[in-house]
Amino acid sequence: MQIECVNEVNISFPSKSSNESFARAAISAFVSQLDPTIDEITDIKTAVSEAVTNCIAHAYKSGIGTIYINSKIFSNGKIVIKIKDKGTGMENVQQAMEPLFTTGGSERAGLGFAVMKSFMDKIKVSSKPDRGTTVTMEKSIIRRLAKSDR
Amino acid sequence: MGIKVEMNRDTAVALVSGEIDHHSASEIREKIDNFVRTNNLKELILDFSKVSFMDTSGIGLILGRFKLARSLGVNFKVINIPEKMRRIINLSGIKNLGIFE
Ligand SMILES: Nc1ncnc2c1ncn2[C@@H]1O[C@H](COP(=O)(O)OP(=O)(O)O)[C@@H](O)[C@H]1O
Ligand SMILES: [Mg+2]
């Protein structure tokens, strides 16, 4: 059977920290049509929260910029979430993704990427200094697509 | 999000409620740190029973309070972590600090 995109959403919003909870809630509402378990929803909400927080706390740390989220649901139950900023970018993505690495000071744990990696099936990060960063994450929800959407 | 600190003899219990993220953590942190710095405590307890969500900002919040307490010679504990948040706690490695009941 061919795998196709069955639903898609695009959201953009200013990098205000009060939007962290909005982004989590929006994506969790969008993926709820796959009827995920509470654990699956918690994983996705946490990963989205980490990626969006990084845009706010790092990419746009000295001002307000726009955060873009694109999410797709595929017919095989796969969810793809892309979170993009046009902020500072990173010189060394590999180093940034190491557990405990942070440039954010004593209140940041340096575990955001570690959580995205372990709570989602797949993560890809592309970044260019002064241009911005895109984090793409995937997770498969065990097939429970509503009949009408199949 | 809410934070209520109550003093019981020389133990302060900080009851955190709602979602802990980068946005809410700063207010929670300020409330707790102010309280800890202006009261003479033997022990600081963070009660997470009413926390409905946390990301790694919650880990940073716990670690930061742990360090502050230690620097002041105050005993530190975190209690009632909801089941949903076990995974992020385990992943963070902060279990080894011996601050959980
Ligand atoms: N979108 C981003 N733009 C610029 N830098 C980023 C971005 N995301 C992450 N980083 C960098 O990677 C580091 C590690 O991120 P993370 O694992 O989430 O830990 P933390 O946010 O606690 O620092 C950050 O401290 C920052 O230097
Ligand atoms: Mg982070």
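Trainee: How many residues lie between β1(B) and β2(B) in their hairpin, and which residue in the turn has a positive phi?

Mentor: The model is predicted, with local features needing pLDDT of at least 70 and side-chain atom pairs pLDDT 80 or more, while totals for chains, interfaces and linings use all residues. Residues are numbered from 1 along each chain as written, chains are lettered from A and ligands numbered from 1 in written order, and side-chain values use heavy atoms, without hydrogens or water.

Two residues separate β1(B) from β2(B) in the hairpin, and R9(B) in the turn has a positive phi of about 55°. Strands here are DSSP E runs of at least two residues, and helices H or I runs of at least four; strands pair if DSSP finds at least two bridges between them. β1(B), residues 2-8, and β2(B), residues 11-20, are antiparallel and share seven bridges. Within this pair, E6(B) faces V13(B) of β2(B). β2(B) also pairs with β3(B), residues 43-54, this time in parallel through nine bridges. There, L15(B) stands opposite D47(B) of β3(B).

Now the ligand. Around ligand 1 are 19 residues (with a heavy atom within 4 Å), and the closest are N54(A), H58(A), T102(A), T103(A) and G110(A). By type, the shell has seven nonpolar, ten polar and two charged residues, with Gly counted as polar. α2(A) gives the most to the shell, three residues.

For T103(A), a side-chain N or O atom is 2.5 Å from a ligand oxygen. The side chain of N54(A) places a polar atom 2.9 Å from an oxygen of ligand 1. F113(A) uses a backbone N or O atom, at 3.0 Å from a ligand oxygen. The protein buries 96% of the 540 Å² that ligand 1 exposes when taken alone (Shrake-Rupley, 1.4 Å probe). Two elements of chain A, α2 (38-59) and α4 (112-119), each give two or more residues to the shell of ligand 1.

Key:
A polar contact is a pair of N or O atoms within 3.5 Å; within protein, one must be able to donate a hydrogen and the other to accept it, and residues adjacent in sequence count only if both atoms are side-chain atoms.
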